[in-house]
Amino acid sequence: MRTDFRKEASTCNMAAPHFPAPVPGQRHTGLGKQRTMIVIILSATIAMFGSITLTTDASWHYASSHRTTSTPVSRSTAVATPAHTPTLKPTLTPTQAPVHTPQLGYPLFYGNSHLPEIALTFDDGPNPYYTSQVLAVLQQHRVKATFFDVGYLVADYPNIVRQEYNQGNVVGNHSWSHPELTLLSASAIRSQIASTSTAIQTAIGVKPTLFRPPYGSMNHTVLAEAYSLGVTTVLWDASAGDWSLPGVSVIVYRILHYVHNGAIILLHDGGGNRAQTVAALPTLISTLENQGFSFVTIPQLIDDLATSSPHSGVSKHRATTRI
Ligand code: ZN
C-alpha cells in the first residue's frame, strides 16, 4: 500500500529551524509544489552487474495519485555548497563489519512482500535531544533501525552518529543541507551526497551505502549521481506524517494502517519537535511485534529481497492488518 509521500515532502522542510536557509539564487518552492519525480526502471541485468542506464521514457510520477498536473523539473544553476567541510578526524574503530549489501540500480520503496519483516527509518537527525531518546527506545526493545542523517548535523554531532552505529543501527546519507535536490545542478547534487558520505565515514569509519533524497524528491540526475557515488536510493511506503505533530495516537494508527510485509516506515528524529514520535515508538514497536513483524535494517531488507518465504500465508494476513 502506498502512502501519501507528499505529506512527508511538505514537512521535512527547509523552513524547519534545524536546516539552513535555502541557497541564495536557488528557487524555493512552496509546500504544495508539484514535483516530477522520476523512477528509473532498470533491467535485472543492469541491477545485477552494476551498469546503469537511465531513461526518462520509463518515468513514473511519485505520488502521482495526488497530482493534478505534471510539471517539468527545473534545475537551478545555483550550487548548494556544503556549509563547511567536515574536519573531524577518524576516532572510531568500527565495531561492526561493513555491510556488503549489493547496490541497487533503482529506488527502493519496500522490501520482500512475502516476509513479515519491516524497517524503521528515521530522517533528519542526528538531533542532540531526540535521537538519543529514539535510540533508548530501540535499545530497550532490541530493535535495529536505519537513520538517514543530514551531513552538516553529522559534522556537528558525530558522537550521536557513533551512538547510532555502535548500537547496531545503520547510518544512511540524507544530503548535506537537506535541499530539494531536483532543483540543483548535477555537480551540486553530487557535492551534497559526497560530502555527507565523507562526514559519516569520518564519524563512524564506514562509508554509507544508502541514500534518501530530502522530501523523497528525485529525478534522473539525482538517481544517476547517487548511483555513481555508490549508494542505493531508499524511499519508503509507510509514513505517519509525524513531522506535523498529529498526535501520538494518530502516528501509531497511521503506521499500523499502512504497514505490510516488507514495509519501509518513515519517521523523524530531527528537523523539529519529535516528542510525539518518541512517545509513539514504544507502542508502535510492541504492537507490530505482537502482530508478528520483525524489525530489520534496510541492508537486511535488501538482502532478503530475493528470499522466498515458506510463510506466505502469514504475509497475506499481515498485509491486511488494521487496528
Ligand atoms: Zn528529511
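These notebook entries record what I looked up in a predicted model.

**Conventions.** I number residues from 1 along each chain as its sequence is written, and side-chain values use heavy atoms, without hydrogens or water. In this predicted model, local features need pLDDT of at least 70 and side-chain atom pairs count only at pLDDT 80 or more, while totals for chains, interfaces and linings use all residues.

**Confidence.** I looked up pLDDT, the predictor's confidence in each residue from 0 to 100. The protein chain averages 75, and 64% of the residues score at least 70. Over residues 1-98 the pLDDT stays under 50. Residues 310-323 also have pLDDT below 50.

**Largest nonpolar core.** I take a nonpolar core as a set of buried Ala, Val, Leu, Ile, Met, Phe, Trp, Tyr and Cys residues joined through side-chain atoms within 4.5 Å, with buried meaning under 20% relative accessible area (1.4 Å probe, protein chains only). The largest such core has 30 residues, and Leu120, Phe122, Leu138, Ile265, Leu267, Leu281 and Leu288 touch the most other members. Helices (H or I, at least four residues) and strands (E, at least two) are DSSP runs, numbered from the N terminus. I find at least two core residues in each of β1 (117-123), α3 (130-140), α8 (248-258), β7 (264-268) and α9 (275-290). The largest share, six residues, comes from α9. A second, separate core of 27 residues includes Phe109, Ala119, Ile189 and Phe211.

**Arginine 162.** I located arginine 162 in helix α5 (residues 158-166). The side chain of arginine 162 reaches the backbone oxygen of alanine 203 at 3.0 Å.

Conventions: A polar contact is a pair of N or O atoms within 3.5 Å; within protein, one must be able to donate a hydrogen and the other to accept it, and residues adjacent in sequence count only if both atoms are side-chain atoms. Buried means under 20% relative accessible area, exposed over 50%, partly exposed in between (1.4 Å probe, protein chains only). Contact means heavy atoms within 4.5 Å.
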